[in-house]
Amino acid sequence: MTSQLPSPISASQPARPGADLSRTFEMRFTSTPRGARLARRLAAHRLDAWGIPYGTRPHEEIVLVLGELTANAVRHGHVPSRDFHLLLHVIAPSSMVRVEVTDTRAERTPPDPEALRAPGAEDTGGRGLLLVAAFATRWGWHLRHGGPGKTVWAECVFTTGSGATAHSSTC
């Protein structure tokens, strides 16, 4: 992990009660399995702190989507000595979570969502984006603005009931 700004401490918080309930966490991670695992763990902790508790369906689905995107950035977007960037944005009034993972490899792009195909029975990979498509409300990718690489993003919409176990998700 590099110590680039913004740090996890700089994640946005509302200034006063009743303020905008949007939250953002972003950080750069080493493009290694360890970096992907750390990104997943920090994001899971942040979601819990923001009111999407551990053990609830929305939390588990969002973390699964985020984990697949970070793992893909490491596996398919790795460039030696280059990090990947994670952006996690929660918009509380609309109950929407947006996950963006940016790597620096532009020549290896995922298929478009409508062109996604299931792998064959003998294939050992190719199921990660199928999980993303199954759990995210929508997903896609675009070339990175202002630099080499691409950003793969997913949006998950969730609803919150009255109790911590009453969460449901269309994520």
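Tutor: The side chains of Arg 98 and Glu 155 meet in a salt bridge, with 2.6 Å from N to O; the term stands for a side-chain nitrogen of Lys or Arg within 4 Å of a carboxyl oxygen of Asp or Glu. This pair ties together distant parts of the chain, as Arg 98 belongs to strand 3 and Glu 155 to strand 5, 57 residues apart. Both Arg 98 and Glu 155 are buried, where buried means under 20% relative accessible area, exposed means over 50%, and partly exposed lies in between, using a 1.4 Å probe and protein chains only.

Before going on, please keep in mind that this is a predicted model, in which local features need pLDDT of at least 70 and side-chain atom pairs count only at pLDDT 80 or more, while totals for chains, interfaces and linings use all residues. Residues are numbered from 1 along each chain as its sequence is written, and side-chain values use heavy atoms, with hydrogens and water left out.

Glu 155 also has a salt bridge to the side chain of Arg 138, again given as 2.6 Å from N to O. Here too distant parts of the chain are linked, for Glu 155 lies in strand 5 and Arg 138 in strand 4 (residues 138–143), 17 residues apart. Glu 155 has a relative accessible area of 11% and so counts as buried, whereas Arg 138, at 46%, is partly exposed. Through salt bridges that share partners, Arg 98, Glu 100, Arg 138 and Glu 155 are joined into one network.

Neighbours within four places in sequence aside, Glu 100 is in contact (heavy atoms within 4.5 Å) with His 85, Leu 86, Leu 87, Thr 151, Val 152 and Trp 153.

Helices (H or I, at least four residues) and strands (E, at least two) are DSSP runs, numbered from the N terminus. Eight of the eight residues of strand 3 (residues 96–103) are buried, so the strand is largely enclosed by the rest of the structure. In a regular strand the side chains alternate between the two faces of the sheet. In strand 3 both faces are covered, with Met 96, Arg 98, Glu 100 and Thr 102 buried on one side and Val 97, Val 99, Val 101 and Asp 103 buried on the other.

Strand 3 pairs with strand 2 (residues 83–91) in the antiparallel sense over seven bridges, and pairing requires that DSSP finds at least two bridges between two strands. In that pairing, Leu 87 stands opposite Glu 100. Strand 3 also pairs in the antiparallel sense with strand 5 (residues 150–159), over eight bridges, and Thr 102 stands opposite Thr 151 of strand 5.
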